[in-house]
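Please consider the structure shown here, which is a predicted model.

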Amino acid sequence: ILYEDADGNHRFPLNHAPDGSAYFTLYDLTGTTRFRIQTPSLRSPWQLVGAYVPPQFDAVSLRVRQPAYTGRKDLLFNDFKNCTAVDGSRIELEIRTDPRVHATVLSGSDQLPMQTVEPGTFRFARPLKEAFTFRVRLRTDQGFTALGAETTIRGEPDLPPVVEAVEPRRD
């Protein structure tokens with residue numbers, strides 16, 4: 001293989017696989033690399049391999065607002081975190097990324113839109129019923145994608161309080 005990158009021209013022998021095929025691995029691509037395969041009698045056309053930086057999450061805010069009457073504090077995370085909250089809680093997610101990136105919440109086979117607050121800032125909210133498992137997909141106009149960590153927010157049943165008389169009062 002002959003290849004050209006930002007460090008210049010390189011020539012290496014191909015690796016041979018047990019099935020008779022040959023291969024070569026280019027590591028740590030940081031830009032465009034041009035390569036071709038050459039044998040004593042043949043030369044392939046030059047091919048281009050381009051590296052890209054995938055879209056990234058600049059900030060994540062995941063808040064689970066639990067019903068006020070439960071007396072439980074809201075859960076607040078600066079990352080995608082699994083947690084448990086009372087059914088009926090409100091899941092609120094806000095992410096910041098590059099203004100040229102689009103964001104979507106994926107849950108099972110559903111693609112749920114995120115509200116664009118301003119370019120690069122997206123919000124999503126929904127009530128919690130039993131459990132909600134999701135990932136956020138970032139996508140550039142060129143089709144490059146990145147996925148946030150899979151996150152599950154489990155719901156606990158919102159049961160009525162139980163009052164129990166431990167020691168009956170005397171008349």
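E130 is exposed, because its relative accessible area of 62% lies over the 50% required for that description. In the chain, E130 is found in the loop that runs between β14 (121-127) and β15 (131-139). The backbone of E130 has a positive phi of about 70°, although E130 is not a glycine.

The loop between β4 (22-23) and β5 (33-36) holds D28. With a relative accessible area of 72%, D28 is exposed.

The description now turns to the pockets. Rolling a probe the size of a water molecule over the atoms shows where empty space is left. The largest pocket has a volume of about 240 Å³. Its lining is made up of 13 residues, and those nearest the centre of the pocket are V53, D98, R100, V101 and T140. By class, the lining of the largest pocket consists of five nonpolar, four polar and four charged residues.

Which residues are the closest to the centre of the second largest pocket? They are D5, Y27, D28, L29 and T33, out of 14 residues that line this pocket. D28, the exposed loop residue described above, is thus one of these closest residues. The lining of the second largest pocket divides into six nonpolar, five polar and three charged residues.

Methods:
Residues are numbered from 1 along each chain as its sequence is written. This is a predicted model: local features need pLDDT of at least 70, side-chain atom pairs count only at pLDDT 80 or more; totals for chains, interfaces and linings use all residues. Side-chain values use heavy atoms; hydrogens and water are left out. On a 1 Å grid over the protein atoms alone, a cavity is a set of points where a 1.4 Å probe fits but cannot get out, and a pocket is an open set with protein on both sides within 12 Å along at least five of seven lines; lining residues have an atom within 4 Å of a point. Grid points are joined across faces, edges and corners, and a volume is the space filled by probe spheres set on the points. Ala, Val, Leu, Ile, Met, Phe, Trp, Tyr, Cys and Pro count as nonpolar, Asp, Glu, Lys and Arg as charged, and the others, Gly among them, as polar. Helices (H or I, at least four residues) and strands (E, at least two) are DSSP runs, numbered from the N terminus. Buried means under 20% relative accessible area, exposed over 50%, partly exposed in between (1.4 Å probe, protein chains only).
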